[in-house]
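Biologist: Could you walk me through this one, a question at a time? I'd like to see how you get to each answer.

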Amino acid sequence: MPKNYDAEKNNPCLKEQELSYKCLSKNNFDHGKCELYYANYNNCKEFWNKIRADRRAKGIVPYLPDVADRDSIKAEFMKTKPTL
């Protein structure tokens with residue numbers, strides 16, 4: 001559990017960030033072994049930065065959705081996401 005109690009509120013990718021740190025620690029800071037965790041974290045940041053920018057452009061405050069609303073926003077995105 002993070003010492004900063006607002007960490008999850010301010011960082012929607014906290015779980016991904018902590019997993020990448022844990023991977024580094026587990027693998028003696030060999031970055032090559034944690035590339036998948038980095039990619040996941042970067043995808044997460046990219047997604048939530050887009051959400052933040054869209055909400056800002058539409059005048060929706062707060063720019064970053066509440067923690068309780070994030071799962072539904074991700075689920076809605078996954079429904080509209082084109083399959084590869």
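Biologist: Not counting residues up to four places away in sequence, which residues does Arg70 touch?

Modeller: Keep in mind that this is a predicted model. Arg70 is found in helix H4, residues 67-80. Leaving out residues up to four places away in sequence, Arg70 touches Glu8, Lys9, Asn11, Pro12, Trp48, Leu64 and Pro65.

Biologist: What is the nearest side chain of opposite charge to Arg70, and how far away is it?

Modeller: Side chains of opposite charge can pair when their charged atoms come close. A salt bridge needs a nitrogen-to-oxygen distance within 4 Å. Arg70 is buried yet has no salt bridge, and the nearest side chain of opposite charge is Glu8, at 5.9 Å.

Biologist: Asn11 was one of the residues touching Arg70. Is Asn11 buried or exposed?

Modeller: Asn11 sits in the loop between helix H1 (7-10) and helix H2 (14-26). Its relative accessible area is 13%, and the cut-off for buried is under 20%. So Asn11 is buried.

Biologist: Which side chain makes a polar contact with the side chain of Asn11?

Modeller: Let's begin with what Asn11 is in contact with, leaving aside neighbours within four places in sequence: Gln17, Lys45 and Arg70. For the polar contact between side chains, the distance is 2.6 Å, and the partner of Asn11 is Gln17.

Biologist: Now the helices. Are H3 and H4 roughly parallel or roughly perpendicular to each other?

Modeller: The axes of helix H3 (residues 35-58) and H4 come within 12 Å and cross at roughly 100°. Angles from 65 to 115 degrees count as roughly perpendicular. Therefore H3 and H4 are roughly perpendicular to each other.

Biologist: And which residues in H4 meet residues in H3?

Modeller: On the H3 side, the residues are Phe47, Trp48, Ile51 and Arg55. Trp48 also turned up among the residues that Arg70 touches. Over in H4, the residues that meet them are Arg70, Ile73, Lys74 and Phe77.

Biologist: How many salt bridges does a search of the whole structure find, and which side chains meet there?

Modeller: The search of the whole structure finds one salt bridge.

Biologist: How many residues apart are Lys50 and Asp54 in helix H3?

Modeller: Lys50 is exposed, with a relative accessible area of 52%, while Asp54 is partly exposed at 31%. Along helix H3, Lys50 and Asp54 are separated by about one helical turn, because they are four residues apart.

Biologist: What joins Val61 and Pro62?

Modeller: Pro62 is found in the loop between H3 and H4. Omega is about 0° here, and what joins Val61 and Pro62 is a cis peptide bond.

Biologist: Asp66 lies in the loop between H3 and H4 too. How far apart are the C-alpha atoms of Asp66 and Phe47?

Modeller: Asp66 is partly exposed, with a relative accessible area of 46%. Along the chain, Asp66 and Phe47 are 19 residues apart, and their C-alpha atoms are separated by 15 Å.

Biologist: Last one: what is the phi of Asn28?

Modeller: Asn28 is in the loop between H2 and H3, and counts as exposed at 67% relative accessibility. Phe29 lies in the loop between H2 and H3 as well, and has a positive phi of about 60° although it is not a glycine. Asn28 is not a glycine either, yet its phi is positive, at about 55°.

Conventions. Residues are numbered from 1 along each chain as its sequence is written. This is a predicted model: local features need pLDDT of at least 70, side-chain atom pairs count only at pLDDT 80 or more; totals for chains, interfaces and linings use all residues. Side-chain values use heavy atoms; hydrogens and water are left out. Helices (H or I, at least four residues) and strands (E, at least two) are DSSP runs, numbered from the N terminus. Buried means under 20% relative accessible area, exposed over 50%, partly exposed in between (1.4 Å probe, protein chains only). A polar contact is a pair of N or O atoms within 3.5 Å; within protein, one must be able to donate a hydrogen and the other to accept it, and residues adjacent in sequence count only if both atoms are side-chain atoms. Contact means heavy atoms within 4.5 Å. Lys and Arg count as positive and Asp and Glu as negative; His and the chain ends are not counted. Axes are lines fitted to C-alpha atoms, for helices over the stretch in contact, and angles run from 0 to 180 degrees between N-to-C directions. Angles under 35 degrees count as roughly parallel, over 145 as roughly antiparallel, 65 to 115 as roughly perpendicular and the rest as oblique.
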